[in-house]
Structure formats: structure tokens, C-alpha cells
Amino acid sequence: NPNVHSYRGIVTTHSVQNTQLSRIKGRASEYYFAYRFYEWSDSENLQLIEPDLDRGWDFMIEATGKRIQVKRFNPVGKKRSKVNSVKLRRSRASPRRGTTCNNNYDIQSFDYLVVHDVRDNNLIIADVAECFNADGSCKANASVYPTVRSKGLTHLGWEVFR
């Protein structure tokens, strides 16, 4: 039953961002990243592992332990103020916080953020440090591309995964 929260009972909040369709689109972006990762990889040692539960990362590289969080970016239809940003909040339930939506990541949640721009299938690989403020708190969102007010995410390239 989708209205029953596994550890808090009945869920009374609803997030448009947490619909089944958006979850399927998010999974498509994750699998697109995996496809491109294996296309790039030339080593049997670079295997991706997926967690059974939502751990705050989508893939881990088995040999190195590097954790990767994939976010889908589609500016089409967004409000003008959010057209260049990707949301950095968790959308699913968190037993740690006892809430059903908008949970913050912490600095140990993942090592790299991968943003999938669905307009051109561009993948941007950024360091986790770009997702957090100086005090260690998670930003609400991050600018994907450079603007007058932001430098955007720095694309590190695939070699960071070796």
C-alpha cells in the first residue's frame, strides 16, 4: 500500500516529485549512466554495485568503494528561477529523520554527483564538495551550467572513477 509508511504508519504528505513516473525517469537516468560507464570502462575491475535500499547513493564502484549519486536534469517546463538547477534533496522516506520527503544528504552520503542532462544526454561528473555549503550542510540545489551568479558544476571527467 503506497499510503503506509514502513516505520511511521500512514503517509499524509504527497510530493509531486515522488510519483511513480518520476521514479521511472530517474531510474532511466541511472541506467543510462551505467551504460555509459561500462562503455567507457576498459577494466574488469570497474564493476558497479547497486544498493538494495536507498543509501544516499545509486552506484558504488566495487574495487574503489567510490559512491555515485545520479540526478536527472530536465529544464523544460521549470520555473524561470529553477531552469538551471538540479535538486539536491532526497525525496524518499528516511528512518534517520522520521520524515517522508525533503531529507538532506550528508557529506558521507556519496563521493560523486552525476547529472544527466536529458536534452542532449550529457553527463556531468562533479565532486561531492560542490553539493555542500562551507558549514557542511547540503545545498538545496546546485546550478548545473555556468551563469552570471554561479560557476555551475565542474565536470571532472570519467577518469575520477579509476
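Author: The dialogue below takes the overall pattern, the helix, the sheet and the cores in turn. This is a predicted model, in which local features need pLDDT of at least 70 and side-chain atom pairs count only at pLDDT 80 or more, whereas totals for chains, interfaces and linings use all residues. Residues are numbered from 1 along each chain as its sequence is written, and side-chain values use heavy atoms, with hydrogens and water left out.

Reader: How many helices and strands are there in the protein?

Author: Helices (H or I, at least four residues) and strands (E, at least two) are DSSP runs, numbered from the N terminus. The protein has one helix and eleven strands. Along the sequence they follow the pattern β-β-α-β-β-β-β-β-β-β-β-β.

Reader: What percentage of the residues in the protein is buried?

Author: Buried means under 20% relative accessible area, exposed over 50%, and partly exposed in between (1.4 Å probe, protein chains only). Of the 162 residues in the protein, 36% are buried.

Reader: Which residues of α1 are buried?

Author: An α-helix has 3.6 residues a turn, so residues three or four places apart point the same way. In α1, the buried residues are Gly26, Ser29, Glu30, Tyr32, Phe33, Ala34, Phe37 and Trp40. They pack against β3 (48-49), β4, β5, β9 and β10.

Reader: Is Glu30 buried or exposed?

Author: Glu30, which is found in helix α1 (residues 20-40), is buried, because its relative accessible area is 7%. A polar contact is a pair of N or O atoms within 3.5 Å; within protein, one must be able to donate a hydrogen and the other to accept it, and residues adjacent in sequence count only if both atoms are side-chain atoms. The side chains of Glu30 and Arg27 are joined by such a contact, of 2.5 Å. Leaving aside neighbours within four places in sequence, Glu30 is in contact with Asp58, Phe59 and Val70.

Reader: In what order do the five strands of the open sheet lie?

Author: Strands of a sheet pair through backbone hydrogen bonds, either parallel or antiparallel. Two strands count as paired if DSSP finds at least two bridges between them. Here the order is β3-β4-β5-β9-β10, with mixed pairing. The edge strands are β3 and β10, each of which pairs on one side only.

Reader: In which sense do β5 and β9 pair?

Author: β5 and β9 pair in the parallel sense over six bridges, and Ile68 stands opposite Tyr112 in β9. By contrast, β4 and β5 pair in the antiparallel sense over two bridges, with Arg67 in β5 as the bridge partner of Met60. β5 is mostly covered, since six of its seven residues are buried.

Reader: Which residues touch the most other members of the largest nonpolar core?

Author: In soluble globular proteins, nonpolar side chains tend to be buried together. A nonpolar core is a set of buried Ala, Val, Leu, Ile, Met, Phe, Trp, Tyr and Cys residues joined through side-chain atoms within 4.5 Å. The largest has 18 residues, of which Phe33, Phe37, Leu48, Ile68, Val114, Trp158 and Phe161 touch the most other members. At least two residues of this core come from each of α1, β4 (59-61), β5 (67-73), β9 and β10. The helix α1 gives the most to this core, with five residues. Apart from this core lies another, of 17 residues, among them Val86, Leu88, Tyr105 and Val128.

Terms used:
Contact = heavy atoms within 4.5 Å.
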